[in-house]
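Morning, everyone. Let me walk you through one structure. Here it is.

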Amino acid sequence: MTTPLAKGLFLTFEGIDGSGKSTQCRLLAEALQAQGRDVVLTREPGGSKGAEEIRSLVLEGDPDRWSAETELLLFTAARRDHLERTIEPALAAGKVVICDRFADSTRMYQGLSRGDLRATVDKLHKLMITREPDLTLLIDMDPEVGLSRAKGRQTSEERFEDFGIELQQKMRAGFLALAQEFAPRFRVIDGNRPVDTVAAEVLATAQAALS
Ligand code: ADP
Ligand code: TYD
């Protein structure tokens, strides 16, 4: 039997491409489910039917396919659909929602990567999203290692990885700065360790937030 919480808990994972987010999301979901928690594992961009359709528009094709502004609108549209249809109903039902990337990725990738769009990102977030996670786990990782791991996957979703190592370096520094900006909800986890070691720290951190 699964145990609903009085109020759900919203956990997000952030970090550069290849840092191990998807692996750790899955392991955390399995560990919490084994403890009897009701868990929804989801991801961005995606996590609902409409948002998954937008996912292929933003992650496939030429790096110059969209301007940063257009991309911001697409990611925000996908997030709004994901929130309405997946995240908010699960939280209202007292579930633990584990999400692979969320609004912090937009603050970084659209807000910082190509010029300074952060003020626009923040305005749109306030207008259309507002929800912040209860806890954000930043998997910190050397960009060279992250990029080689990400490239090793061989998928068609390589538009962002094709921006190259400079972007990954900028994103790593940006995520660490974001962890300071939103310090109460962020925990920084060293991703340069074996999967099981990282997973043990992730579980302990999530459990502290649940108790
Ligand atoms: P992300 O979701 O952050 O892009 P993934 O979880 O997909 O990262 O991991 C990228 C690749 O690196 C995968 O092939 C995965 O098996 C591998 N990987 C994940 N975590 C580790 C780790 N701690 N050590 C070594 N390889 C890892
Ligand atoms: P993801 O599938 O998590 O990639 P990875 O597993 O390689 O980390 O996300 C795909 C890409 O989408 C990633 O490079 C970051 C980008 N992204 C944004 O640019 N803005 C956003 O709001 C989100 C959620 C992701």
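We start at glutamate 44, in the loop between strand 2 (39-43) and helix 2 (49-59). Helices (H or I, at least four residues) and strands (E, at least two) are DSSP runs, numbered from the N terminus. A word on the source: this is a predicted model, where local features need pLDDT of at least 70, side-chain atom pairs count only at pLDDT 80 or more, and totals for chains, interfaces and linings use all residues. Residues are numbered from 1 along each chain as its sequence is written, chains are lettered from A and ligands numbered from 1 in the order in which they are written, and side-chain values use heavy atoms, with hydrogens and water left out.

Is glutamate 44 buried or exposed? Buried, at a relative accessible area of 7%. Buried means under 20%, exposed over 50%, partly exposed in between (1.4 Å probe, protein chains only).

Its side chain makes a polar contact with the side chain of arginine 79, at 2.6 Å. The histidine 82 side chain makes another with glutamate 44, at 2.8 Å. A polar contact is a pair of N or O atoms within 3.5 Å; within protein, one must be able to donate a hydrogen and the other to accept it, and residues adjacent in sequence count only if both atoms are side-chain atoms.

Stay with arginine 79. It lies over the face of phenylalanine 102, 5.2 Å from the ring centre. The rule: NZ of Lys or CZ of Arg within 6 Å of the ring centre and within 35 degrees of the ring normal.

Phenylalanine 10 and phenylalanine 102 are both buried.
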